[in-house]
Amino acid sequence: MKLTVLGATGSIGVSTLDVVARHPDRFEVVALTGHRQVEVLAAQCRRFRPAYAVVGSAADAQRLAGMLRDGGLRTEVLHGPDALSQVASLPEVDAVMAAIVGAAGLPPTLAAARAGKRVLLANKEALVMAGAVFMAEVRRAGALLLPIDSEHNAVFQSMPHDYAGDMAHSGVRRILLTASGGPFRSVPLETLTGVTPEQAVAHPNWVMGRKISVDSATMMNKGLEVIEAHWLFNAPADRIEVVIHPQSVIHSLVDYEDGSVLAQLGNPDMRTPIANALAWPQRIESGVAPLDLFAVGQLNFERPDLARFPCLDLAYRALRAEGNAAAVLNAANEVAVAAFLERRLSYLGVAELIAATLDAVPQAAVPDLAAVLEADRQGRAAALDLLVRRFGASSAQGPA
Ligand code: NAD
Ligand code: MG
């Protein structure tokens with residue numbers, strides 16, 4: 001199988017290449033992309049010898065090309081957003097790992113779907129922003145969409161094999177998405193006022209990129225995943241429930257009409273869902289240690305507290321509002337998280353800024369990609385404006 005890895009230098013990208021390296025007979029890397037981490041990408045190119053490598057800027061492309069030439073590699077170095085879409089839709093590529101973080105991942109992920117590839121979807125923001133448009137393209141092009149997000153991969157594994165998007169017809173009552181609850185699940189509510197970026201990114205069970213780590217602390221990550229599950233499995237909001245499960249051993253569950261509940265379990269290591277989607281419908285070794293239930297000992301469950309995690313409630317509201325609301329939610333969240341990481345916004349300000357942005361941007365339909373990108377632009381503009389005017393952040397530096 002020939003692969004493009006979008007976001008190869010990130011947490012998911014590195015785990016993907018770890019699985020790929022275990023099966024040199026099975027996988028061949030055609031293209032790797034990284035935004036700014038030129039050294040990491042150069043090392044990955046030396047190891048996997050792709051035909052193409054993509055970076056963000058012309059200057060970085062020149063640097064990378066120089067490094068690769070000195071190493072005797074013939075990898076062609078490209079740069080910019082169009083190059084990402086180009087390597088996601090190359091005719092010789094079978095599967096595309098979509099592991100860019102945030103809205104920047106939408107165009108190339110959509111390009112992979114349009115080209116009818118096997119799309120391994122880690123970039124949940126793409127589906128949150130553009131769910132209807134994205135799923136329509138997947139169907140039209142006959143692409144195979146396989147979820148990498150551990151919860152959705154667990155649901156995918158626990159659903160009927162022939163699931164065709166009709167829960168009632170398949171006897172599925174509910175999808176139960178598990179959540180660890182992050183680092184602030186049980187701290188006193190008063191202490192949340194002073195939370196620092198360092199505390200927020202220190203996740204108890206998973207090692208991940210900074211943005212998704214903050215999303216896990218606020219539980220916006222779970223909110224985005226509720227919306228992601230809605231699109232992947234055609235599940236209405238009231239049939240998707242969130243269950244806090246601090247051990248992160250059960251990755252999610254499917255509750256059937258006959259009373260059966262099927263779940264997927266494993267150690268919290270993204271190489272399991274990555275290997276599952278890379279090899280599907282076969283199973284391959286991933287490097288993940290066997291689950292030791294005796295070491296786990298206990299599996300606990302709690303109902304999420306929406307006063308502690310208002311972002312989860314905001315995501316359900318955006319899903320129910322339909323139209324542009326989820327794209328605006330996602331854009332506001334990206335602005336808020338970046339501002340929080342730059343210490344321009346408090347931890348509690350993250351949910352407040354997103355709520356204010358949802359109130360500020362008028363409702364609209366999103367029939368096509370242009371409308372999705374417009375909703376994203378409006379959400380960002382409104383959030384940046386509110387950040388300065390209502391939340392008192394200086395306008396000197398703009399979030400990346
Ligand atoms: P990360 O920050 O570690 O890596 C992000 C990757 O995207 C890097 O390769 C970076 O170079 C690239 N990138 C960033 N901005 C870009 C831009 N503007 N243009 C092009 N490329 C850009 O993030 P991650 O933790 O690997 O997460 C990647 C995606 O997978 C996210 O959507 C996240 O929600 C999802 N996800 C991650 C995990 C996890 O365990 N890390 C689990 C489930 C889902
Ligand atoms: Mg997840």
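A residue is termed buried if 20 or more other C-beta atoms lie within 10 Å of its own, exposed if 12 or fewer do so, and partly exposed in between, with C-beta atoms placed from the backbone. Helices (H or I, at least four residues) and strands (E, at least two) are DSSP runs, numbered from the N terminus. The model is predicted: local features require pLDDT of at least 70, side-chain atom pairs count only at pLDDT 80 or more, and totals for chains, interfaces and linings use all residues. Residues are numbered from 1 along each chain as its sequence is written, while chains are lettered from A and ligands numbered from 1 in the order in which they are written.

The protein is divided into domain 1 (2–147), domain 2 (155–267 + 289–296) and domain 3 (322–390), with bounds that come from an automatic or database domain assignment. The C-alpha centres of domain 2 and domain 3 lie 23 Å apart. The contact between these two domains involves 13 residues from domain 2 and twelve residues from domain 3, two residues being in contact if their C-beta atoms, placed from the backbone, lie within 7 Å. On the domain 2 side, helix 8 (197–201), helix 9 (210–218) and helix 10 (220–233) each supply at least two residues, and helix 9 gives the most, with five residues. This side of domain 2 comprises eight nonpolar, two polar and three charged residues. In this classification Ala, Val, Leu, Ile, Met, Phe, Trp, Tyr, Cys and Pro count as nonpolar, Asp, Glu, Lys and Arg as charged, and the others, Gly among them, as polar.

Seven of the nine residues of helix 9 are buried, so this helix is largely enclosed by the rest of the structure. The buried positions are Ile 212, Ser 213, Val 214, Asp 215, Ser 216, Ala 217 and Thr 218. They pack against helix 8, helix 10, helix 13 (310–321), helix 14 and helix 15 (347–360). Arg 210, also placed in helix 9, counts as partly exposed because 15 C-beta neighbours lie inside 10 Å. Apart from residues up to four places away in sequence, Arg 210 touches Val 201 and Leu 341. Helix 9 is followed by Met 219, whose phi is positive, near 70°.

Ligand 1 is surrounded by 25 residues, the closest being Gly 10, His 35, Ala 104, Met 208 and Gly 209; a residue is near a molecule if its C-beta atom, placed from the backbone, lies within 6 Å of it. Two or more residues of this shell come from each of helix 1 and helix 6 (124–141), and the largest share, three residues, comes from helix 1. The shell draws at least three residues from each of domain 1 and domain 2. Its residues divide into eleven nonpolar, eleven polar and three charged.

Gly 10 occupies the loop between strand 1 (2–6) and helix 1 and is buried, with 24 other C-beta atoms within 10 Å. Gly 209, in the loop between helix 8 and helix 9, is partly exposed, with 17 such atoms within 10 Å. Beyond neighbours within four places in sequence, Gly 10 is in contact with Ala 99, Val 101 and Gly 209; Gly 209 in turn touches Gly 10, Ser 11 and Val 101. The UniProt annotation "binding site" (unreviewed entry) includes Gly 10 and Gly 209. UniProt positions follow the numbering used here, feature names are shortened, and annotations may be inferred rather than shown by experiment.

Eight of the nine residues of helix 11 (residues 271–279) are buried, so helix 11 is largely enclosed by the rest of the structure. Its buried residues pack against helix 1 (11–21), strand 6 (118–121), strand 7 (144–147) and helix 7 (150–158). Among them are Ala 277 and Leu 278, both of which are touched by Leu 120. The largest nonpolar core has 128 residues, and those with the most contacts inside it are Ala 98, Leu 120, Ala 315 and Ala 336. Helix 14 (residues 325–341) contributes the largest share of this core, 13 residues. Such a core is a set of buried Ala, Val, Leu, Ile, Met, Phe, Trp, Tyr and Cys residues joined through C-beta atoms within 7 Å.
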